[in-house]
Amino acid sequence: MVLPDPGARPSLANARAPSCARQSFRGRIPMSAHLAGVGLLIAFLSMLRCSVRAPGVNVSMAEGDTLISVDYEIFGKVQGVFFRKYTQAEGKKLGLVGWVQNTDQGTVQGQLQGPISKVRHMQEWLETKGSPKSHIDRANFNNEKVILKLDYADFQIVK
């Protein structure tokens, strides 16, 4: 894959790009910035409220429809306080899928999948709220990526 020259205007400004991309892109992102990867491009355009189609994929990406997957690990007093049960309940309430499990290191880890807005809400919940008796020191989120379909049917507690 060849990346564009960082000093050149990205090709989103051309006439083939959706009009919302041409209008919103102009002047908002420095010339030196460039997008890397089709997934980031799709996520970026969906934030602009564009309807786009990925090359070779027959999927409409309207606002909030972009599916993402993210791994997480929560540190603090998160075992023995029903953290997994509350995480599963919150995930289901938001319509997310994935899994949650305790680790041998005393943390809780898992994976979230769903619409980007719902995943962001769940990330905030994992960082700040958790179960009533938990105490969260920090939350790490890794391997975030745009996905075309969900890998799970529901939200499971893994034992």
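Trainee: Leaving aside its neighbours within four places in sequence, which residues is Gln111 in contact with?

Mentor: First, a word on the source: this is a predicted model, where local features need pLDDT of at least 70, side-chain atom pairs count only at pLDDT 80 or more, and totals for chains, interfaces and linings use all residues. Residues are numbered from 1 along each chain as its sequence is written, and side-chain values use heavy atoms, with hydrogens and water left out. Contact means heavy atoms within 4.5 Å. With neighbours within four places set aside, the contacts of Gln111 are Ser69, Val70, Asp71, Tyr72, Val97, Gly98, Trp99, Tyr152 and Phe155.

Trainee: Is Gln111 buried or exposed?

Mentor: Gln111 lies in strand S3; strands (E, at least two residues) and helices (H or I, at least four) are DSSP runs, numbered from the N terminus. Buried means under 20% relative accessible area, exposed over 50%, and partly exposed in between (1.4 Å probe, protein chains only). Gln111 has a relative accessible area of 12%, so Gln111 is buried.

Trainee: In what order do the five strands form the open sheet?

Mentor: Two strands pair if DSSP finds at least two bridges between them. S1 and S4, for instance, run antiparallel and are joined by 10 bridges. Across the open sheet the pairing is mixed, and the order is S4-S1-S3-S2-S5.

Trainee: Which strands are at the edge?

Mentor: Look for strands that pair on one side only. Those are S4 and S5 (155-158).

Trainee: What angle does H4 make with S3?

Mentor: H4 lies across S1, S3 and S4. Axes are lines fitted to C-alpha atoms, for helices over the stretch in contact, and angles run from 0 to 180 degrees between N-to-C directions. For H4 and S3 that gives about 155°.

Trainee: How far apart are the end C-alpha atoms of H4?

Mentor: The expected span is 1.5 Å times one less than the number of residues. H4 has 13 residues (116-128), so it should span 18 Å, and the model agrees: its end C-alpha atoms are 18 Å apart.
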